[in-house]
Amino acid sequence: MAALRLKVLAAAVVVLAAAGCGAFEFQEATVDAIQLGFRNGSLTSTALVRFYLDQIERLNPLLHAVIEVNPDALAQAARADAERRASGGACGGPMHGVPVLLKDNIATRDRLNTTAGSFALLGSVVPRDAGVVARLRRAGAVILGKANLNEWANFRGVDAGWSARGGQTLNPYVLSATPCGSSAGSGVAAAANMAAVTLGSETDGSILCPSSVNSVVGIKPTLGLTSRSGVIPLTPRQDTIGPMCRTVSDAVHVLDAIVGYDKLDAEATGAASKYIPRGGYTQFLRVDGLRGKRIGVPTVFYKGYDKVQLPVYEKHLNTMRKHGAILIKDLDISTNFTDLDDKETLLNFAEFKLSINAYLSDLSRSPVRSLSDIIAFNIKHPVEERLKDFGQANLIAAEKTNGIGARERAAIRRLKEISANGLEKLMKEHRLDAIVAPTNRDAVSVLAISVLAVGGYPGIAVPAGYDKEGVPIGILFGGLRGYEPRLIEMAYAFEQATKGRRPPTFKR
C-alpha cells in the first residue's frame, strides 16, 4: 500500500511537470484554490482533469469508486480554458472549469451511461440532462464521469456501494471498513482526490452516512431545493440531490450551482425556491457561525454509543460551546419512532414502482421499460447481476404493490405526525437553530438521519476525526426545511475550529 501511495504522488508530480503549472498543489485542492490557480496561471482545467483521470486510473482498481469516466472530459476542460482566455479570466463563477463526478443515477445526455449500477440500463438513452446537470453545465463545470453506487434499480439491499457494473466500493481510510450508503462511490472518490467535487443522492442516509465514514462533507438539502428531474428515483417524497466534497466551502459552492426551480420537478422545486437566500449560500461561510446558535442534543440520537465513543463527541460539543454555541442537552423528543422504519419501507415499495416506471417510460431508448422488465432482465442475467448472492426480493415486493392505497395514505399521515410531533415540535419549543448527532461506522445515528429523511429536512455531515483504527467519524447538523443558511454557518465554524479531516491512509 505504501508503494501505491508513492505511485499516486509520483503521478501528481508528473502531471505538474507536464502541465507546466508550477507549484499548484493538486492533492486536496479546493474550489477556491482551483479558481486562484486559474487566475494566476498556475493551473488549467485541462491539467486538472488529467490529474483526476490519472488518479482514477491508479486508484479505481482498488477502490471501485468510479463506474465510468467521461470521454469528453478533456474536451470540456479545453473549452473552459479557451473561454477563460477569451474573457481575460473574467468568465464564469466558482464552478467554471471544475471537474464534477456524478452518482450514476444522475442522467447526462452525452456519451456517459446512466444505469444506477445495473446492466439492465446499460445502453439506455436519456432524453435530456438531469436538472442539476443542466445547472452545472451552465455554470461551466466539467462532467468528469459517474460514481459507483448501490441503488434501487439494483435493489439488492447491499447498502455499501455495491453495484453489478461497478463492483464493491472500499473505504479509502481502512479498506475493510464499510463505505456506507448508496452514494459511497461519490464519497470515496471525493475523499481519495479522484475528483474535485462530487454529487450524491439521498433517500435515507445515502449522502450523510458515506460522507461521515469517508471523512468528507455531505449536504443533504431541503426536499426540492435541488431538482430530481432526470435522476433515477426511489421516492419523490424523500429523494434529494446534494454535494459531497472535502470541505464545507466546496460543498457550498456546488450547492449554489445546483439549487433552483425546475419545471420538470415543478411542485417540489417551486415550494422550496422560497428558501434560497438572495446572494446565495457562500455568504454563510462564517468562522464565527457557531456564536449564539441554539443547538439541541436529543438523548435518543446518542443511544448505542459506548464509553469510548461518547467522550469524543462530548469533546466536540465542548468545542461548539467554546465558540459561542448554546448547547441544550438531554432533550427528549416526545414522539414514538418505533414504527418509522416500517411505514417508510411500506411507502418506498409502492412509490418506487410508480417512480421507476415513470422514469423508464420517459427514456428515449432503453432495454427495459418497467420494473417488471428489470426483474425479468435479472432472471435472464443472474451471473452479471449476482442474483444468487443478493436476490431481488425487494424488487419483487415493490412490483406487487398497486399504487397509493389506504395503507399507504395512512403511512404518509403517520410519518407527517412523527415529523410534526417530533423534530418540528422540539425545535420550535426550544427555539433551536439545529440538532446535532454523532455519526460513525459502529453506531451511525440512523434514527437522526431517518428523521431528517422522512421530514424532507436538511442535514450537513462534517468530518470530526477518526476512531482508534483510523476509520473516520462525523458530526451531523440537522434542522427544519430551509435551515441551510444557519446549518452552513455552524458546519463551517465547526470545521474551521476542529480541522478534523486528513487525507486517506489506505490501511488494510
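The model is predicted, so local features need pLDDT of at least 70 and side-chain atom pairs count only at pLDDT 80 or more, while totals for chains, interfaces and linings use all residues. Residues are numbered from 1 along each chain as its sequence is written, and side-chain values use heavy atoms, with hydrogens and water left out.

Salt bridges were searched for across the whole structure, and 22 were found. A salt bridge here is a side-chain nitrogen of Lys or Arg within 4 Å of a carboxyl oxygen of Asp or Glu. One of them joins the side chains of Glu68 and Arg165, with an N to O distance of 3.3 Å. Glu68 lies in strand S1 (residues 66–69), and Arg165 sits in the loop between strand S4 (162–163) and strand S5 (167–168), so the pair ties together parts that are 97 residues apart in sequence. Helices (H or I, at least four residues) and strands (E, at least two) are DSSP runs, numbered from the N terminus. Glu68 is buried, at 16% relative accessible area. Buried means under 20% relative accessible area, exposed over 50%, and partly exposed in between (1.4 Å probe, protein chains only).

A further salt bridge pairs Glu314 with Lys329, whose closest N and O atoms are 2.7 Å apart. This pair links distant parts of the chain: Glu314 belongs to helix H10 (residues 309–322) and Lys329 to strand S10 (residues 326–331), 15 residues apart. Glu314 is partly exposed, with a relative accessible area of 30%. Lys329 is also partly exposed, at 31%.

Arg291 and Asp288 form another salt bridge, with 3.7 Å between the closest N and O atoms. Arg291 is exposed, with a relative accessible area of 57%. Asp288 is partly exposed, at 27%. Both residues belong to a network of salt bridges that links Arg286, Asp288, Arg291, Lys293 and Glu489.

Arg486 is placed in helix H17 (residues 484–498). Its relative accessible area is 29%, which makes Arg486 partly exposed. Contact means heavy atoms within 4.5 Å. Arg486 and Lys293 are 193 residues apart along the chain, yet their C-alpha atoms are separated by 8.3 Å.

Helix packing was examined for H3 (residues 45–63) and H4 (residues 73–86), which pack at an angle of about 155 degrees with axes 7 Å apart. Axes are lines fitted to C-alpha atoms, for helices over the stretch in contact, and angles run from 0 to 180 degrees between N-to-C directions. H3 and H4 are therefore roughly antiparallel (over 145 degrees). Residues making the contact include Val49 and Leu53 of H3 and Leu74 and Ala77 of H4.

The largest nonpolar core holds 140 residues, of which Ile34, Met320 and Phe477 touch the most other members. Such a core is a set of buried Ala, Val, Leu, Ile, Met, Phe, Trp, Tyr and Cys residues joined through side-chain atoms within 4.5 Å. H3 gives the most to this core, with 9 residues. Leaving aside neighbours within four places in sequence, Ile34 is in contact with Phe24, Ala29, Leu43, Leu48, Tyr52, Val98 and Ala196. A second, separate core has 5 residues, among them Tyr173, Ala190, Val216 and Tyr466.

Key: Angles under 35 degrees count as roughly parallel, over 145 as roughly antiparallel, 65 to 115 as roughly perpendicular and the rest as oblique.
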